[in-house]
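Subject: Structure handover

Hello,

Here is the structure we discussed. My notes on the sheet, the helices lying across it and some backbone details follow below.

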Amino acid sequence: MTSSTETSMWQADPLPNKRSDFVFLAVDVVGHSKLVASAKSNLRMTQVHQILTHVKEVVHQTIPDYRPTFEWDWAGDGGIFAFPANDPEDPTTEKVLDCAISIWRGIPSMNDSYILERNGREPVHLHITMGRGEAYYVVDPGLRRSHALNGIMKLKVPIRYTTILVSAEIIDDLPANRHAEFIRIPVGPEKEFVHAHVDTIDAALRHLGNEHARQGEMVESAHCSFRVAALNLSIGKQASAIQALQQCIQQMDAIPSGLRHRYYWHTLRGFYAAWLQFLTEGPQELFAHRWEDRRALLDLEESLGWFCSHARTGNLLVHMEFILEQLDLLAHRFVNDPSGLTSLETCLLLLRCGYSRRVENYAIRERLQRIEAEMNENHSRSVDGDCSLCTGVAASCLLLAGNEQRANELLYWLESLQSDNYVRNGNTDYEDTPQGAHALHYASTVLCAFADRGSRVRARDSVKDVMLEKEWSVPDSLPAHWMRYRNISEFEVCGYILPALVRYHLAGGVFKDEEKRRCSEALAGLAKALGKESAKVRTDETPERLYGARENVGSFALGLVPGVELSAESEKIVRHGLARFEYRARRPDAREATRRQTLDSNTDRTRKFLSGWLLQWEMILQAPNPDTLPEYARDLLKKFGLQRP
Amino acid sequence: MADLEHDWSWHENPPKEDLEAFVFVTVDVIDSSDLFYEDMPDYDLLEKAAAMNAVYMHVIQCLGVDPDSEWEWNWAGDGGVFAFPEAKARTLENVFQRAIKVAELAPFPLRDGAQLNLQLRIVIDRGNAYFHVNRGLRRSAALNMASKLRVPGKRTSLTITERVRKKLYGDDEKRNLFKAIPVPGHPQKRVLGYVPFMRAALEAEIAAVQAKDNAQAAHLSYRLGTLNLGASDKEGAVAAFEQAYRFIDEIGPKHRYYWRALHEFYGLWEIVARHASDELLRKAHGHDWLAMMRSGFVWELFTRKHGPPERWRLLVQMELIMEQLDILAGQPVNEPVGLTSLEVCLLLERVGYARRWYGTALSERIERIKEEMRNDHTIDEGCTICTGFAASCLILDGQREADTLMEWLRLREEERFCYRLHDSFADAAPHEHAVHYAAAVLQAFLDHGVAANDLYIDRALSVFFEGEEFDEKTFPPSWRRWRNTTVYDFSAYVFPTFTRYILANVEGALDRPSALSSEQEMLLYRTLRSLAHHLSEDGKSALLQVAKRGRVYGARENVGSFALGLLIGLPQEAVDILDYNLRRFAAYAERERSEAHRQRTIDSSIDRSRKMIEGWLLQIECALWLRGHKKAIPDPVFECFGISAVTSEDDR
């Protein structure tokens with residue numbers, strides 16, 4: 001579609017060899033490299049060519065009054081268009097934005113049968129970016145240059161659906177009534193804030209959620225719906241947020257009961273329901289505003305006042321929003337750190353919270369790929385040179401990621417370790433220890449893996465028996481058969497075994513009365529050991545302050561299993577741990593820099609804290625009779641703001 | 001390969017759409033986006049634009065094509081893609097030769113008489129492409145690969161893929177021309193750098209940093225030495241290691257670095273460069289020096305000839321440490337965690353890691369400190385432990401902002417330097433923190449300058465020596481108070497700081513350290529013994545045999561703590577624990593492991609990996625100090641590192 005310059009809706013081309021203002025529009029096919037790399041045959045290469053040619057034609061056709069001079073570059077998978085913008089009276093920026101929106105709206109029709117037939121039924125999507133600024137304009141397009149152009153070429157949302165991102169200069173140049181169409185989101189390795197067109201992000205998240213739903217990955221799907229709700233909240237669209245939250249809950253409810261234990265299901269569902277309740281019943285005057293910072297919304301006096309009469313909702317929202325902020329950090333980079341077990345455990349934590357791995361350039365997916373690569377190095381049976389501790393976590397990760405086949409390969413090997421009490425480490429890199437001479441926490445992740453698998457009840461119970469079948473001689477002490485051969489602290493061993501027993505319970509495992517008594521003793525032993533350590537180091541009695549106590553908040557969730565006793569000492573430790581967590585969670589005023597860092601200077605400790613709090617909430621919310629819970633747990637449901645003892 | 005063919009003509013492109021094999025060469029001006037900024041003055045814009053045009057003209061001239069030729073698939077201001085049909089024999093050879101010419105870009109003269117030294121990133125790959133007469137519709141996986149490849153470094157580079165090397169040279173590895181470069185985030189995982197340019201880049205980088213930082217210059221010289229040696233340029237390697245040795249000698253103050261360890265390390269490398277046989281050097285496939293040192297008989301022969309053989313253990317161990325540090329210098333050093341990433345940053349600086357050579361994470365972490373300081377002139381909202389580490393990082397980087405942090409730290413005297421304004425999580429009052437906080441401050445004072453901070457160093461020291469009574473196998477009450485981390489974690493801060501303190505005080509002195517009074521030394525000796533006792537008891541409760549009680553992770557994390565024992569006396573209780581760990585480290589260093597395994601940290605926790613590496617380095621540092629002062633070296637230390645009274649000086 002072309003037209004003469006005189007009648008064009010666009011400004012005239014500038015004179016060459018001059019500085020001129022332009023609005024830039026860049027389009028780029030998402031996953032182009034993968035598309036071309038898939039072209040192993042001539043036929044496929046031809047198809048790829050046809051797809052990309054079609055994309056180019058559609059983009060050209062979508063720009064009204066198109067002139068060839070607009071196209072500064074087209075390099076196979078996308079191009080750059082520059083629209084003259086020297087006349088400040090002419091709203092070129094707005095017109096180009098409308099073009100970008102038209103391209104986005106045209107994506108479904110662009111993905112007609114012509115594309116789908118050639119691309120294995122997969123639609124093609126585009127990264128669309130806009131910038132504005134001066135450029136030195138010369139006739140040869142290859143020699144034109146602009147600071148603004150350089151900036152926008154680097155912007156990409158890690159989602160493989162079409163999105164529109166624009167620079168701050170674009171926002172400044174748009175009429176005020178269009179600012180509401182955008183929100184600020186962090187992108188790129190440094191998480192710098194850029195402006196994203198809300199509708200495109202909304203649609204992309206919905207697409208992603210639908211994709212998960214199609215695969216039966218409902219927790220991930222609900223996570224996407226929650227992001228949609230949060231997005232709408234951030235632009236003051238309360239009704240859309242409510243609708244998305246309703247969808248969240250439906251998606252959570254659609255998860256078969258036999259699979260719910262893999263996730264923090266009760267906690268996530270409770271959290272989504274809490275947002276829904278807050279938005280529907282809470283102080284309505286707040287929700288017409290844009291709330292990009294949800295934690296700041298929760299910290300308003302009006303919100304806090306409302307939470308006083310809706311304690312459970314308030315506590316859940318405050319706690320979970322803080323946890324999600326931290327999980328976002330872990331999901332961004334830590335999960336694919338060049339470390340072994342820590343990054344695996346982080347990956348599992350994120351998967352249990354429904355974080356999506358179906359996102360372009362996303363670290364979770366890469367970490368999962370690393371598991372498979374490592375399995376291939378280990379005869380496809382284990383990871384980390386036959387380490388049951390790491391293999392258990394890896395198996396859980398693969399199960400939650402829906403890769404049952406590879407997970408089963410690991411589970412077969414883990415099952416074969418029965419005669420070794422499921423304790424094995426063939427990786428003698430740094431140690432000169434026999435493969436089975438490791439403490440029982442090596443079996444704890446095996447227990448979780450079988451619990452996650454669900455169908456291997458016998459194997460699951462067998463691992464649990466290893467932990468609880470023996471009597472321990474000293475009352476209120478930590479079991480010697482757990483600690484034998486340990487090379488980490490007693491507290492760390494407990495931090496593996498006790499939460500694994502909680503997961504066993506969540507997966508439907510039933511403790512015998514004798515086993516419940518042993519669990520109670522183990523918890524008492526842990527509290528006593530913490531008390532002993534505390535006595536060594538301070539003048540007052542505050543074992544709760546020890547890192548060992550904070551790292552075991554999740555362990556004490558075992559005390560919420562009916563029939564397992566939680567001593568007064570233990571309860572004090574948990575209450576304090578949760579109260580301090582709440583204090584942190586209630587500090588949205590903390591500086592931006594602090595909020596962009598993990599809550600502890602050690603990644604592993606951060607992960608333990610987060611999973612501990614989540615496990616506490618999970619056990620509290622799944623309790624069939626909340627009145628039988630310990631006082632701190634009842635307080636969390638009934639009083640807003642947990643007080644320390 | 002034949003010389004550049006001046007009368008060469010490229011094969012023409014297909015007349016219509018077709019699938020054909022091409023050789024791709026991509027050229028990019030490194031950091032070109034930094035040249036253009038918002039509202040730049042006209043003269044600057046025109047000048048930079050002219051410089052970029054000159055790059056284009058230079059590239060097409062070297063490639064022997066006209067402007068806008070059919071082989072130019074794309075040029076986008078600061079770089080572009082050229083593709084040549086491979087149907088004609090010797091096309092790849094010609095592309096390669098001409099790419100070398102492209103790299104020889106002359107500086108662009110600016111109006112004010114200065115010169116703009118633009119650096120180019122050149123990549124060559126080959127593969128099939130879908131050719132279309134319309135340039136924008138051409139596509140190829142090989143082209144995508146070349147376009148997206150970003151090898152680390154800010155100086156001109158030429159990178160090729162293995163399929164290009166194979167086509168050029170067949171089975172000949174061409175070690176003198178190419179060095180493997182891992183690119184973990186890229187589909188190829190490993191590409192090949194062109195050695196002559198890598199060498200030139202290192203030389204330029206050394207020239208740029210040597211006036212400012214001898215530790216970095218020494219480190220880069222070591223990298224240059226191994227590069228030259230891998231390329232069979234022994235003379236160049238010897239010269240580079242000599243240079244590293246010279247730079248390290250000129251470092252001051254030495255106590256900021258693992259000076260003795262680096263000095264010894266570069267010296268051993270120099271011996272290898274002088275005396276290694278070609279047969280031995282060939283064992284380092286793809287410049288993998290650990291592979292050479294683990295190659296068995298030929299390496300053993302060399303170590304015996306240039307014995308005593310045990311001294312060479314140190315070279316293997318230091319190479320292993322460097323391999324681990326390379327991993328930490330990537331992603332972990334700039335992770336969004338507070339203290340751990342600061343500690344990693346400081347460790348890398350103490351080894352002299354170049355700030356921008358392996359990517360920009362290290363320099364970005366240092367910038368983050370400055371960013372965080374802007375709010376309240378401290379780090380982590382008023383925490384002495386974080387601020388102490390941050391100050392040390394800035395001091396080693398020569399940043400004047402360190403002075404601001406030092407001022408704040410000095411003001412914390414009233415709180416015994418154990419201070420954290422907001423410990424929202426532990427619910428502790430600002431002063432309710434254990435003395436390991438003061439250890440970080442003491443370390444910062446030492447790094448800042450012993451003489452300049454003598455008063456404050458004494459005050460920080462006094463925090464640890466309050467003259468209290470305490471039972472054997474325990475710690476003084478003032479050390480125990482307010483500790484919320486494990487005794488092992490606590491010790492890993494305190495004892496290494498005293499080691500640094502002693503080494504800082506004895507710098508230049510010839511005799512035994514006199515930095516501490518005998519009472520102070522006795523207290524440290526007793527507390528070190530208490531640490532060993534704790535470890536032993538912990539091992540006992542885990543039913544570990546006596547000989548295996550060093551297995552406890554706390555022991556691994558405190559190898560550096562026991563380095564203090566080398567200076568003030570190692571308690572008998574600690575000998576077995578240290579022996580176990582040093583033996584395991586030695587065995588670990590000798591053992592081969594897979595490529596994937598070597599790209600991971602030694603421990604699953606980044607923080608623990610850092611502590612272990614620091615511990616080994618501190619042990620080496622202290623053992624070399626003992627050797628230098630002709631003191632007895634404990635057996636486990638000698639057996640692990642092979643450091644004995646015999647020096648390597650004679651061989652040099």
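Two strands are taken as paired if DSSP finds at least two bridges between them. Strand 2 and strand 3 (residues 78–84) of chain A pair over three bridges, in the antiparallel sense. One of the residues involved is Glu71(A), whose bridge partner in strand 3 of chain A is Phe81(A). Please keep in mind throughout that this is a predicted model.

The sheet in chain A

This pair belongs to an open sheet of seven strands in chain A, ordered 2-3-1-4-5-7-6, with mixed pairing. Strand 2 (71–74) and strand 6 (182–187) of chain A are the edge strands; each has a single partner strand, so one side of each has no neighbour in the sheet. From one strand to the next, the twist averages 30°.

Helices across the sheet

Helix 2 (residues 42–62) of chain A lies across strand 1 (18–29), strand 2, strand 3 and strand 4 (126–137) of chain A. Its direction makes an angle of about 165° with strand 2 of chain A. Helix 8 (residues 198–214) of chain A lies across strand 5 (163–166), strand 6 and strand 7 (192–197) of that chain, and runs at about 90° to strand 7 of chain A.

Backbone details

Most residues other than glycine have a negative phi, and most peptide bonds are trans. The following residues are worth a look with that in mind.

- Cis peptide bonds: in chain B, the bond from Gly252(B) to Pro253(B) is cis, with omega near -10°. Pro253(B) sits in the loop between helix 7 (234–249) and helix 8 (259–275) of chain B. Gly307(B) and Pro308(B) are also joined by a cis peptide bond, with omega about 10°. The loop holding Pro308(B) runs between helix 11 (297–305) and helix 12 (313–328) of chain B.

- Positive phi: Asp384(A), not a glycine, has a phi near 50°. Asp384(A) is in the loop between helix 16 (363–377) and helix 17 (388–400) of chain A. Ser232(B), also not a glycine, has a positive phi of about 65°, and is placed in the loop between helix 6 (214–230) and helix 7 of chain B.

Which of these two is buried or exposed? Asp384(A) has a relative accessible area of 19% and therefore counts as buried, the cut-off being under 20%. Ser232(B), at 52% relative accessibility, counts as exposed, because that class begins over 50%.

Regards

Methods
Residues are numbered from 1 along each chain as its sequence is written. Chains are lettered from A and ligands numbered from 1 in the order in which they are written. This is a predicted model: local features need pLDDT of at least 70, side-chain atom pairs count only at pLDDT 80 or more; totals for chains, interfaces and linings use all residues. Side-chain values use heavy atoms; hydrogens and water are left out. Helices (H or I, at least four residues) and strands (E, at least two) are DSSP runs, numbered from the N terminus. Axes are lines fitted to C-alpha atoms, for helices over the stretch in contact, and angles run from 0 to 180 degrees between N-to-C directions. Contact means heavy atoms within 4.5 Å. Buried means under 20% relative accessible area, exposed over 50%, partly exposed in between (1.4 Å probe, protein chains only).
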